[in-house]
Amino acid sequence: MRRSPPFPELTIWHTLAALLALSSAIPLLVVASSWLVTEQAVWRHLSQTVLSTLLGNTLILAGGVGLGVVLLGTALAGLTSLCQFPGRRFFDWALMLPLAIPTYVLAFTTLGFLDLGSPLQSWLRSHFGPKLPWFPNVRSAGMVVLVLVLVLYPYVYMLARSAFRQQGQRLLEASRILGRGPWGAFFQAALPMARPAIAVGAALAIMESLADFGAVAVFGFDTFTTAIYKSWFGLFNLNAAAQLASLLLLFAALLLTLERRMRGKGRYHGPDQGGRTRPIRLQGTRAWAASAFCGLVFLLAFLLPMGQLLLWAGRRLTLDLDLRYGQLLLHTLLLGGIAALVTTAAALILGFANRRPVPGGDAAVRLATLGYALPGSVLAVGVMLSFTWIDRQLSGWVPGLVLTGSVLGLLLAYGVRFLAVAHGPVESGLARIRPSLEEAARTLGARPNALLKDLYLPMLSPSLLTALPLVLVEVMKEMPATLLLRPFGWDTLAVRIFEMTSEGEWERAALPAVTLVLAGLGPVILLVRRPDSAKVC
């Protein structure tokens with residue numbers, strides 16, 4: 001039986017999907033092409049001064065964060081999913097809230113609370129003398145890793161929690177029948193089955209740590225992201241910044257390859273769920289130890305930083321809440337809103353086009369959603385070089401055209417970086433639409449555009465309403481791309497936080513930080529209340 005030719009409208013959707021994949025690939029190719037021009041003087045200077053430090057610090061950051069989020073996120077997920085202890089219902093959702101705090105916000109609140117001259121150290125010196133040899137070094141690699149772990153562990157916690165709950169009761173009962181105790185069943189059955197979810201969460205956390213600029217800049221901890229910024233604005237060498245960015249991109253690519261190789265060809269399908277798992281009831285000291293552990297994490301990762309921010313913001317509220325702050329808030333919401341709409345629309349195009357597979361369609365989707373693995377600084381360099389080349393080529397044809405340093409460049413970087421965030425919920429929503437509905441509509445003569453309008457959009461509305469706020473908050477929190485690509489006069493809350501923290505003005509950074517955290521709480525609570533959304537992010 002011969003297959004009927006595709007509708008012309010469907011060909012248009014596939015073309016749009018291919019263009020999206022191409023737009024994501026161009027910044028990467030531009031960054032890679034920077035090696036065509038040698039920068040011997042710059043690299044000689046870097047190799048003689050800071051290159052070994054940059055490499056060592058980046059490896060310490062990636063390794064420490066990866067190990068920390070796996071241990072902390074998996075332990076918390078196992079406790080809240082499989083055990084019963086005082087406060088379990090509260091901690092089950094509350095431990096997700098640190099995801100709403102940007103890494104650089106927790107970084108400067110930590111310094112403001114613990115650094116030399118802080119109220120805590122002043123009080124300790126007044127009681128224990130001017131020297132505190134036992135007090136930890138706040139500006140150390142270990143503290144940077146700890147701060148990032150406290151912000152990023154929800155990636156592992158969210159996915160491992162979902163994996164443990166999907167396994168159901170039958171898997172644990174089968175292990176118990178084979179003579180395993182409750183903890184033996186967990187370590188030998190539940191934990192191995194959750195390995196893919198834990199690996200994905202750890203990979204996301206490590207990539208976020210590699211991409212982080214704000215937290216490491218606050219602590220003065222030099223990594224490749226800070227070197228990219230200094231090469232661009234300190235040495236005024238955009239090509240050297242691109243070459244550094246390509247090395248960071250190589251880190252991300254190696255990480256993704258390693259994560260896939262670790263999975264190999266293994267399969268982790270378990271038995272049917274057979275009902276929710278009956279939690280292990282902890283007794284006595286173990287129960288209160290579990291509550292104390294969860295409470296300590298929640299205190300350090302959310303309560304203390306939010307309390308510090310609110311205290312500082314209250315002191316500066318009447319001084320900083322002026323017209324300029326209104327402009328910062330407007331720019332942040334405007335850029336986030338436009339980027340969220342455009343990125344969600346692009347995710348819808350990719351998902352709808354991929355419903356009718358064509359050769360190379362899956363590859364186009366993977367390429368278009370690769371941006372989430374890339375640091376904002378990498379994309380910023382790629383976008384800047386791309387637009388500089390376009391401006392130069394079109395200067396004779398379109399006088400006055402300036403794409404470099406425009407809002408369009410910033411929106412392109414946002415779209416490439418966060419398309420995967422929007423694509424997850426949209427793809428999940430499309431998977432829940434039965435093919436029989438589409439086949440029935442086609443039998444009645446519906447064409448692709450009508451299918452999208454009358455069938456897919458109404459049924460995808462919950463997924464789209466999940467993707468929009470997720471991208472909005474991610475864009476609001478994004479610092480490196482905004483800092484490097486923003487047009488003149490388009491400062492945002494994230495840029496304001498960076499400017500204040502770089503000058504040590506912790507209190508003046510509190511008000512925009514509180515605004516970002518409060519804006520991020522909505523999507524995080526939505527993730528908790530919508531488990532289907534949590535699975536795809």
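Predicted model: local features only at pLDDT ≥ 70, side-chain atom pairs only at ≥ 80, totals over all residues.
The charged pairs come first. Side chains of opposite charge can pair when their charged atoms come close. Searching the whole structure gives four salt bridges. One of them joins D92 to R161, with 3.0 Å between the closest N and O atoms. D92 belongs to helix α4 (residues 88-94) and R161 to helix α7 (residues 141-177), so this pair ties together parts of the chain that are 69 residues apart in sequence. D92 has a relative accessibility of 12% and therefore counts as buried, the limit for that class being under 20%.

The relative accessible area of R417 is 5%, so R417 is buried. E478 has a relative accessible area of 7% and is therefore buried as well. Through shared partners, the salt bridges join E208, R417 and E478 into one network.

The helix pairs come next. Two packed helices are described by the angle between their axes and the distance between the axes. For helix α5 (residues 103-114) and helix α21 (residues 493-502), the axes come within 11 Å and cross at roughly 25 degrees. That angle makes α5 roughly parallel to α21, because angles under 35 degrees are classed in this way. The crossing of α5 and α21 is left-handed.

The other pair consists of helix α3 (residues 51-82) and α13, whose axes come within 11 Å and cross at roughly 130 degrees. α3 and α13 are therefore oblique to each other. An angle over 145 degrees would be needed for a roughly antiparallel pair, and 65 to 115 degrees for a roughly perpendicular one. α3 passes α13 in a left-handed crossing.

Helix α13 (residues 284-320) also takes part in the surface, as the element that gives the most to a nonpolar patch, with five residues. The patch covers about 480 Å² and is made by F113, L296, L299, L300, L303 and L304. L296 is found in helix α13. With a relative accessibility of 46%, L296 counts as partly exposed, since the exposed class begins over 50%.

A contrasting leucine is L521, located in helix α22 (residues 506-529). L521 has a relative accessible area of 16% and is therefore buried. Where in the sequence is L97 relative to L521? L97 and L521 are 424 residues apart along the chain, yet their C-alpha atoms are 6.8 Å apart in space.

Definitions and conventions:
Residues numbered from 1 in each chain as written. Heavy atoms only, no water. Patch = residues over 30% accessible without salt bridge, like charges linked within 9 Å, V, L, I, M, F, W, Y side chains within 5 Å. Areas by Shrake-Rupley, 256 points an atom, 1.4 Å probe, with all protein chains shown as cover. Salt bridge = Lys/Arg side-chain N within 4 Å of Asp/Glu carboxyl O. Helix = DSSP H or I, 4+ residues; strand = E, 2+ residues; numbered from the N terminus. Buried < 20%, exposed > 50% of the residue type's maximum accessible area, 1.4 Å probe, protein only. Axes fitted to C-alpha atoms, helices over the stretch in contact; angles between N-to-C directions. Left-handed = near helix turned anticlockwise from the far one by under 90°.
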